[in-house]
Amino acid sequence: MTNTLVAVEPSEEEAVSVLPAAFGGDKVPLLESGGDPPRLTSAEAELLRGLVRRTRASGGDLTGPDGLLKQLTKTVIESALEEELVDHLGYDKHAVEGRNRGNSRNGYRPKTVLTDSCGEVTIEVPRDRDGSFEPRIVAKRQRRLTDLDTMVISLFAKGLTTGEISAHLMEVYGASVSKDTVSRITDKIDEEMTTWWARPLERVYAAIFIDAIVVKVRDGQVANQPYYAAIGVDLEGHKDILGIWPGSGGGESAKYWLSVLTDIKNRGVTDVFFLVCDGLKGLPDSVSAVFPQAIVQTCIIHLIRNTFRYASRKYWDQISRDLKPVYTAPSVTAAVVARDEFLAKCGRPYPAIRTLWMNAWEEFTPFLDYDVEIRRVLCSTNAIESLNARFRRAVRARGHFPNEQAAMKTLYLVTRSLDPKGTGQTRWAVRWKPALNAFAITFADRMPTTIEHK
């Protein structure tokens with residue numbers, strides 16, 4: 001009678017238990033430092049395919065809470081821990097040479113760890129008798145084998161609360177991470193944020209763009225609190241967020257900008273060529289008190305936008321055409337003529353427009369004295385407005401913050417996540433290159449020497 005050989009796929013329990021043997025023995029090969037992961041042999045790959053087929057055929061789950069992936073993860077981690085203990089003790093399990101060696105195995109203790117691929121996994125961690133074994137793959141008191149900290153910080157930066165982050169991790173990963181744990185993870189940012197806030201700055205900036213946003217903070221009761229931000233462009237065209245400052249009161253204040261600019265000066269800034277703002281009343285006095293030579297320039301885009309607010313929408317196109325000769329004038333004198341012509345048309349039906357332009361004129365005209373390259377980079381505060389838009393997106397997701405520190409942490413994490421690849425910084429430097437050449441000529445007497453700049 002001819003015997004027929006039938007291939008029988010192992011059960012999950014059998015296959016998982018023999019995984020180490022599939023690599024050629026009782027041990028799973030360990031990687032040398034810096035080595036590449038070994039490729040699976042055809043026999044090893046076939047074993048895993050058999051496990052997958054059997055799991056699917058039996059209606060089992062591959063990636064669920066009790067799925068095959070979770071069992072394989074458990075086996076791999078436990079095998080790695082066993083190998084680490086072998087290295088620590090110097091002999092294999094049940095080996096004769098281990099007798100009377102002083103230190104030996106001392107059973108196991110259960111431990112639940114959080115992984116990226118399959119959520120929480122309960123493993124058996126081997127122990128030694130004298131307690132000198134220090135696992136590396138799952139260190140003592142380590143509960144996360146994952147980039148959970150990075151994930152939590154990223155979600156927090158997008159405006160999610162600690163409760164929402166905890167619920168998200170449970171929903172997506174089946175991981176029970178308490179709100180207190182999430183809070184402790186985000187608290188790690190505090191020291192980094194404080195260091196960033198107090199870091200020394202460049203000595204000279206070609207321009208500093210400033211603006212403030214209002215955030216709702218619960219301090220006894222929910223109220224508006226202004227947060228001040230400044231972006232500096234140095235003499236190499238590098239754009240840098242200089243800081244975020246929590247203010248007081250319900251809105252932006254020129255008086256508080258005085259303290260912000262003083263802080264910037266105390267961190268090493270000695271000169272600023274231009275300070276570009278949205279035309280806040282009283283701000284020029286605050287600027288001149290700290291940086292006497294700085295030129296305060298009102299954002300042209302803000303001025304045009306505010307002009308539209310006072311006029312009917314059907315006249316916006318005409319107003320835009322009439323305004324262009326004003327902000328593109330070759331000189332201040334020509335700009336005055338164009339302004340008077342514009343106000344002669346719009347000033348009578350819209351007297352608020354006349355008041356707006358006459359009040360802003362002194363801070364509007366400075367950039368008209370400079371080359372077109374300098375005008376082009378100073379005409380708007382788009383850089384700071386783009387940052388504020390990112391701030392508002394995170395703030396809207398939260399609604400309001402429990403305290404000032406929570407708001408600061410969220411705003412800082414937004415700045416931390418900006419332009420991760422550096423492409424925005426590269427485009428900015430290219431755009432500013434012609435202006436920097438013009439700055440070097442126009443402000444030659446205020447440019448630092450090479451040694452000073454370093």
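What pLDDT does the protein chain average, and what percentage of the residues score at least 70? In this predicted model, the protein chain averages a pLDDT (the predictor's confidence in each residue, from 0 to 100) of 80, and 85% of the residues score at least 70. Confidence in the protein chain is lowest in helix α2 (residues 19-22), with a mean of 46, and highest in helix α9 (residues 254-266), at 94; helices (H or I, at least four residues) and strands (E, at least two) are DSSP runs, numbered from the N terminus. Over residues 1-10 the pLDDT stays under 50, and the model has six contacts for them beyond four places in sequence, a contact being heavy atoms within 4.5 Å. The pLDDT is also below 50 over residues 12-34, a stretch that has 36 contacts in the model beyond near neighbours in sequence.

Because the model is predicted, local features need pLDDT of at least 70 and side-chain atom pairs count only at pLDDT 80 or more, whereas totals for chains, interfaces and linings use all residues. Residues are numbered from 1 along each chain as its sequence is written, and side-chain values use heavy atoms, with hydrogens and water left out.

Five strands form an open sheet of mixed pairing in the order β6-β5-β4-β7-β8, where two strands are taken to pair if DSSP finds at least two bridges between them. The edge strands are β6 and β8 (295-298), each of which pairs on one side only. Neighbouring strands of this sheet are turned by 25 degrees against each other on average, with direction ignored. Strands of a sheet pair through backbone hydrogen bonds, either parallel or antiparallel.

Within the sheet, strand β4 (residues 204-219) and β5 run antiparallel and are joined by 14 bridges, with V217 standing opposite A223 in β5. The hairpin of β4 and β5 has one residue between the strands, and in this hairpin G220 takes a positive phi near 85 degrees. Seven bridges pair β5 with strand β6 (residues 239-246) in the antiparallel sense, and K239 in β6 is the bridge partner of V233. Four residues lie between the strands in the hairpin of β5 and β6, where G237 takes a positive phi near 85 degrees. By contrast, β4 and strand β7 (residues 271-277) run parallel, joined by five bridges, and Y205 stands opposite V272 in β7.

Helix α10 (residues 283-290) lies across β4, β7 and β8 and runs at about 165 degrees to β7; axes are lines fitted to C-alpha atoms, for helices over the stretch in contact, and angles run from 0 to 180 degrees between N-to-C directions. Helix α8 (residues 189-197) and helix α17 (residues 404-416) pack at an angle of about 70 degrees, with their axes 11 Å apart. This angle makes α8 roughly perpendicular to α17, given that 65 to 115 degrees counts as roughly perpendicular, under 35 as roughly parallel, over 145 as roughly antiparallel and the rest as oblique. The contact is made by I189, D190, E192, M193, W196 and W197 of α8 and by Q405, M408, K409, Y412, L413, T415 and R416 of α17.
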